[in-house]
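Morning, everyone. Please bring up the structure on your screens. I'll keep this short.

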Amino acid sequence: MTGRIAIVTGASRGIGRAIAEQLAGAGATVVCVARGENAAATAAAIVAAGGQAEARGLDVTDAAGVDALVADVLARHGRIDILVNNAGVTRDQLMLRMKRADWDDVLQTNLTAAFTLSQAVLKPMIRQRSGRIIAISSVVGQMGNAGQANYAASKAGLIGFCKALAREVASRNVTVNVVAPGLVETDMTKAITENAKADWSSQIPLGRMGTPADIAAAVRFLASDEASYITGQVLAVNGGMYM
Ligand SMILES: NC(=O)c1ccc[n+]([C@@H]2O[C@H](COP(=O)([O-])OP(=O)(O)OC[C@H]3O[C@@H](n4cnc5c(N)ncnc54)[C@H](OP(=O)(O)O)[C@@H]3O)[C@@H](O)[C@H]2O)c1
């Protein structure tokens, strides 16, 4: 991926950090995005390991900020080859108690921001006649989960969004795919009790939670030349939890 420019949102930790590191390891220059200074450590670690990366502070729900980021990346690098819409949040609550704000926050961060970012990178990708857009959905978007109606809707929404966009831009050699992780060891799943984790793991044929690196490997593949004939697909990386 030498010479390719990648933007990875939610690159400060967890899955996004692993994606940034693996794309950089494959040779890409990675723009690591998170709020404030949060992505600085990821970019610094990549550079320390001999890769190319820079950190950008951005709240992905800030549409004007998204446009400014994309304009700045284009001004500095002249192209954008890969966008990974990874930033995501949960605001879990049973439906009867879910606040409208819990719904709006999750939809805005997980789904609307993917729309804004994808739209912003589309023009340069179409001009280049090449590009890769990859969204991080979830097994919850495929099978549902009690207490996560907002999150499940956002993650299922990403799948429909990516399939529609894949059809729109395929003729321009831009591919759009989804990676749907199962249960992965990150800050997001830290709050789950050991008992609940054991219960979940018993439903995973491969018998363990995933690692950020497991998910990043699938993203790296979809961003690579080897995946050039794959578009509109959902690659489930869930240990067999849902098949
Ligand atoms: N962990 C799992 O089991 C699992 C399973 C399926 C899917 N996923 C999905 O995988 C993705 C990464 O999850 P994770 O487990 O790595 O979560 P995480 O450790 O909680 O990290 C979330 C990332 O998203 C960023 N983010 C959140 N809101 C943002 C905003 N408004 N603007 C910019 N960045 C924002 C955070 O950056 P800040 O530093 O700015 O907070 C952080 O880098 C999410 O989309 C998640 O839904 C996770």
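This is a predicted model: local features need pLDDT of at least 70, side-chain atom pairs count only at pLDDT 80 or more; totals for chains, interfaces and linings use all residues.

Strands of a sheet pair through backbone hydrogen bonds, in either a parallel or an antiparallel way.

Find Pro181. Opposite it, in strand 7, stands Val237.

Next, strand 1, residues 5–9. Here 5 of the 5 residues are buried, so the strand is largely enclosed by the rest of the structure. Which way do the residues point? Ile5, Ile7 and Thr9 go one way, while Ala6 and Val8 go the other way. All of them are buried.

Strand 1 has strand 2, residues 29–34, as a parallel partner, with 5 bridges between them. Look for Ala6: its bridge partner in strand 2 is Val30. Strand 1 is also joined to strand 4, residues 82–85, by 3 bridges, and these two run parallel as well. There, Ile7 has Leu83 of strand 4 as its bridge partner.

On to helix 1. Strand 1, helix 1 and strand 2 together make a β-α-β unit, and the unit is right-handed. Helix 1 covers residues 14–25, which is 12 residues. From first C-alpha to last, helix 1 reaches 17 Å. That is close to the 16 Å expected at 1.5 Å a residue.

Why do we call helix 1 largely enclosed by the rest of the structure? Because 11 of its 12 residues are buried. Among them are Gly14, Arg17, Glu21 and Leu23. Just after the helix comes Gly27, with a positive phi of about 110°.

Now the ligand. How many residues surround it? The number is 28, and the closest are Gly10, Gly14, Arg35, Gly88 and Thr186. Helix 1 gives the most to this shell, with 3 residues. By class, the shell has 11 nonpolar, 13 polar and 4 charged residues.

Is Asp81 buried or exposed? It is buried, because 22 other C-beta atoms lie within 10 Å. You'll find Asp81 in the loop between helix 3 and strand 4. Its C-alpha is 33 Å from that of Arg208, which is 127 residues away along the chain.

Arg129 sits in the loop between helix 4 and strand 5. It has a positive phi of about 60°, although it is not a glycine. Arg129 is exposed, with 10 other C-beta atoms within 10 Å.

Asn173 is in the loop between helix 6 and strand 6. Its phi is positive too, about 65°, and Asn173 is not a glycine either. With 15 C-beta neighbours inside 10 Å, Asn173 counts as partly exposed.

That's my tour. Thank you.

Note on methods:
Residues are numbered from 1 along each chain as its sequence is written. Helices (H or I, at least four residues) and strands (E, at least two) are DSSP runs, numbered from the N terminus. The expected span of a helix is 1.5 Å times one less than its number of residues. A residue is buried if 20 or more other C-beta atoms lie within 10 Å of its own, exposed if 12 or fewer, and partly exposed in between; C-beta atoms are placed from the backbone. A residue is near a molecule or strand if its C-beta atom, placed from the backbone, lies within 6 Å of it. Ala, Val, Leu, Ile, Met, Phe, Trp, Tyr, Cys and Pro count as nonpolar, Asp, Glu, Lys and Arg as charged, and the others, Gly among them, as polar. Two strands pair if DSSP finds at least two bridges between them. A crossover is right-handed if, with the strands pointing away from the viewer, the path from the first strand over the helix to the second runs clockwise.
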